[in-house]
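Hi there,

Here is the model we talked about handing over. Please have a look, and then read on for what turned up.

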Amino acid sequence: MNTPTTFHPLARLLHWAMAGMIVAMLFIGAGMVATVSERHSGLLAIHKPLGIAILLLAIARLALRLRHRPPSLPADLPLWQRLAATASHWLLYALMLALPLLGWGMLSAGGYPVILGDTMRLPAILPENALLFAWLREAHRYLAWLLFLTFVAHMSAGLYHGLVRRDGVLASMLPSRRRREPVVTDG
Amino acid sequence: MTIRFGHAARWALIGGLACVTVAAFGYVGGWLAPHRLTPQRLVDTFEDNAGLHPGYRRNHAKGVCVAGWFEGNGAAGAYSTAAVFARGRTPVVGRFALPGGNPYAADGSVPIRSMALRFNLPDGGQWRTGMNAMPVFPVSTPQAFYEQARAARPDPATGKPDPARLAAFFAAHPETAAFRAWVKQARPSASYATERYDSINAFYLVDAQGQQRAVRWAMVPQAADAGPGPAGDPDYLARDLQQRLAVGPQRWNLRITFAAPGDPVDDAARPWPSDRRTVDAGTLVIDRMQPQDSGPCRDINYDPTVLPEGIAPSADPLLAARSAAYADSYLRRTAEEAHLPGAARPVPEATR
């Protein structure tokens with residue numbers, strides 16, 4: 001069996017859809033806690049259902065990732081870059097799962113109802129405990145900063161592969177028609 | 001040469017994009033927007049005015065926990081689907097307090113008291129409300145509220161706000177007229193139990209057909225023996241409540257006032273005419289109290305935008321500001337209670 005040269009089409013779709021959602025989420029989260037204007041309420045109302053959507057998509061994406069091998073990195077890529085790529089990819093998976101759970105957990109611990117949209121209410125996943133709330137709230141903040149920095153590094157690395165190295169790594173996540181390899185047809 | 005230049009341009013593009021992304025995040029997050037009124041700056045102002053009191057709320061710092069229930073009479077059920085308005089009991093955890101960030105303020109130092117309530121609805125929903133014993137708010141916007149707090153900063157020489165600065169603030173804010181007219185005749189009451197507590201901000205009741213009606217609500221006391229507080233005693237309110245509760249539960253009627261067309265729904269500084277239609281939705285019964293450092297109200301953020309189905313916030317800009325600032329105050333004091341790294345340590349009251 002040959003190693004694939006591109007990501008599974010569904011993986012590519014999930015990657016770009018979630019990229020938009022996660023980047024929007026990071027800016028919404030940073031913005032909503034930094035204003036006393038009406039934007040605070042409006043952004044908060046988007047933040048919660050968007051977070052749950054990211055959690056569900058992240059679970060689906062992780063399952064897909066474990067089932068379908070991703071294309072391998074170029075053989076000439078320096079070891080440190082290879083390690084950085086692997087570590088940052090798993091860090092991204094961990095954070096896109098952990099941040100929504102932390103948000104859900106911190107609201108539960110703070111005794112807040114977790115309301116999505118107008119009427120849908122999620123159950124509490126932790127007991128009411130203000131001390132636990134404080135720890136989870138700060139973990140939510142600092143891990144969100146870590147996710148933002150990891151995203152910036154990931155974006156920069158993707159562009160480095162696409163613009164500087166031009167080694168097909170960026171293309172492997174782009175829509176199929178940009179694929180460089182000739183398509184091998186049967187018989 | 002052209003290849004080298006192309007290389008440099010590509011590196012510049014990558015670096016530039018990363019820098020723009022980080023700068024945009026810094027702007028949105030407020031770190032690169034020093035003039036934006038953030039919840040942190042608003043709460044900092046309260047700390048500046050009252051000093052840092054770890055573990056306490058940054059505003060309405062002095063208070064007591066209370067508990068009881070709300071006995072709905074069904075009269076508001078036609079206007080709102082909220083289960084709290086049906087006939088029957090809803091458990092309540094509440095708090096009486098004084099405005100201001102000083103947990104050791106004298107009860108007679110301010111003519112305003114507050115009542116905060118969390119109703120735990122049978123369907124799992126919550127209604128949180130923070131009300132004040134005053135009919136109208138001084139200002140209409142968070143920015144004006146911030147400026148008022150800044151103008152009220154105590155003068156280090158006298159320990160009291162500079163009257164000239166306050167006068168300048170009020171002169172620059174004509175919307176404070178209704179509040180000033182009220183506060184001129186207001187006296188610190190001897191009891192929490194004899195006060196009427198107003199929502200001040202407007203909300204919408206939403207009925208089963210989805211129709212919205214703008215309302216303000218108030219807890220109207222059944223106790224009729226209101227009087228001025230005793231002079232020379234800084235802590236009479238908690239003792240008065242204890243004595244009253246030893247005799248029996250204290251009661252308030254929940255009075256809902258409906259706006260007429262044209263009434264200001266989004267401006268807490270403008271009262272509605274007194275002839276507006278009202279509905280009494282039931283009775284609040286408070287039958288026990290506990291100190292705030294160990295009572296169940298301690299860990300509740302009385303964010304007035306936490307509402308059940310059937311009640312919705314108005315576009316009053318103070319509501320979003322209260323939600324944002326209360327969240328920041330809640331995080332500060334719970335972080336202090338939890339001994340998070342970098343948080344100040346709460347001082348037990350007895351050792352102070």
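Below are some notes on a helix pair and on the cavities.

This is a predicted model, in which local features need pLDDT of at least 70 and side-chain atom pairs count only at pLDDT 80 or more, while totals for chains, interfaces and linings use all residues. Residues are numbered from 1 along each chain as its sequence is written, chains are lettered from A and ligands numbered from 1 in the order written, and side-chain values use heavy atoms, without hydrogens and water.

In chain A, helices α3 (residues 79-109) and α4 (residues 130-165) pack with axes 8 Å apart, at an angle of about 150 degrees. Helices here are DSSP runs of H or I with at least four residues, and axes are lines fitted to C-alpha atoms over the stretch in contact, with angles from 0 to 180 degrees between N-to-C directions. α3(A) and α4(A) are therefore roughly antiparallel (over 145 degrees). Their contact has 18 nonpolar residues, eight polar and one charged (Asp, Glu, Lys and Arg are charged; Ala, Val, Leu, Ile, Met, Phe, Trp, Tyr, Cys and Pro nonpolar; the others, including Gly, polar).

The count comes to two cavities of 30 Å³ or more (sets of points on a 1 Å grid where a 1.4 Å probe fits but cannot get out; lining residues have an atom within 4 Å of a point). The largest has a volume of about 50 Å³, and its lining includes B:Phe46, B:His53 and B:Arg57.

Best wishes

Methods:
Helices (H or I, at least four residues) and strands (E, at least two) are DSSP runs, numbered from the N terminus. Angles under 35 degrees count as roughly parallel, over 145 as roughly antiparallel, 65 to 115 as roughly perpendicular and the rest as oblique. On a 1 Å grid over the protein atoms alone, a cavity is a set of points where a 1.4 Å probe fits but cannot get out, and a pocket is an open set with protein on both sides within 12 Å along at least five of seven lines; lining residues have an atom within 4 Å of a point. Grid points are joined across faces, edges and corners, and a volume is the space filled by probe spheres set on the points.
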